[in-house]
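Open the model in your viewer and keep the sequence panel beside it. The stops below go from the whole chain to single residues.

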Amino acid sequence: VVEDTAFCTGFGVLVFCKWSRFLVYLRQIKVIGIQILPITQTMWDMGPFLLVFSLYFLASVNMFYTLRTGYGFMQCFMQVYQLVVLGSADSSELANTDGPPGSEYLIVANIMLIFLSFVIGVSLMNLFLAMLC
């Protein structure tokens, strides 16, 4: 078993690309291609949405990182990802505090939780669904 991280990462990307190429080959079969083409075309049409989503997402990660909650940047990234994409959020975990409910960072984290869940979680996802129709 190879334990080189760079090799395993590169190999994983290569395997993903091979499966993507297999999907392209499946489009040549008429019965399968008719079902796959609309899905793959929609994936390509998502580019502008993903750009806007990524900018809002990175701005949110940066906003959360500047709160100085004790998390590193990657931990902030994962916290905001869980909040925005997965929809699971705990304000005391976001604020990284077990203190009283009125602590300064907890209030800011609650406001951020409400703002981000609305702007990204509701508004952008509804725009995404409207774009697909």
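Helices here are DSSP runs of H or I with at least four residues, numbered from the N terminus. This is a predicted model.

**Whole chain**

Start with a cartoon view. The chain has 6 helices and 0 strands. Along the sequence the pattern reads α-α-α-α-α-α. Of the 133 residues, 23% count as buried. Next, turn to contacts between residues at least 6 apart in sequence: 47% of them join residues at least 24 apart.

**Colour by confidence**

Colour by pLDDT. The chain averages 79, and 83% of the residues score at least 70. Which helix has the lowest confidence, and which the highest? Select residues 91-95: this is helix H5, the lowest, with a mean of 64. Then select residues 5-26: this is helix H1, the highest, at 92. Where pLDDT is low, the predicted coordinates should not be read in detail.

Select Phe7, Phe11, Leu14, Val15, Trp19 and Phe22. Together they form a nonpolar patch on the surface, with about 640 Å² of accessible area. Zoom in on Phe22, which lies in helix H1. Phe22 counts as partly exposed because its relative accessibility is 43%, between the cut-offs of 20% and 50%.

Select Cys17 next. Is Cys17 buried, partly exposed or exposed? Its relative accessibility is 44%, so Cys17 counts as partly exposed. Move on to Cys76. With a relative accessible area of 1%, Cys76 is buried. A disulfide is a covalent bond between the sulfur atoms of two cysteines. The count of disulfides in this model is 0.

**Helix H3: Ser60**

Select residues 47-65, helix H3, and pick out Ser60 within that helix. Ser60 counts as buried because its relative accessibility is 4%, under the 20% cut-off. What does Ser60 touch beyond its neighbours within four places in sequence? Show the side chains of Val80, Met112, Leu116 and Ile120: Ser60 is in contact with these residues.

**Helix H3: Leu50**

Stay in helix H3 and select Leu50, which is found there too. Leu50 has a relative accessible area of 38%, so Leu50 is partly exposed. Leu50 and Phe128 are 78 residues apart along the chain, yet their C-alpha atoms are separated by 9.2 Å.

Definitions and conventions. Residues numbered from 1 in each chain as written. Predicted model: local features only at pLDDT ≥ 70, side-chain atom pairs only at ≥ 80, totals over all residues. Heavy atoms only, no water. Helix = DSSP H or I, 4+ residues; strand = E, 2+ residues; numbered from the N terminus. Buried < 20%, exposed > 50% of the residue type's maximum accessible area, 1.4 Å probe, protein only. Contact = heavy atoms within 4.5 Å. Disulfide = S-S within 2.5 Å. pLDDT = per-residue confidence, 0-100. Patch = residues over 30% accessible without salt bridge, like charges linked within 9 Å, V, L, I, M, F, W, Y side chains within 5 Å. Areas by Shrake-Rupley, 256 points an atom, 1.4 Å probe, with all protein chains shown as cover. Salt bridge = Lys/Arg side-chain N within 4 Å of Asp/Glu carboxyl O.
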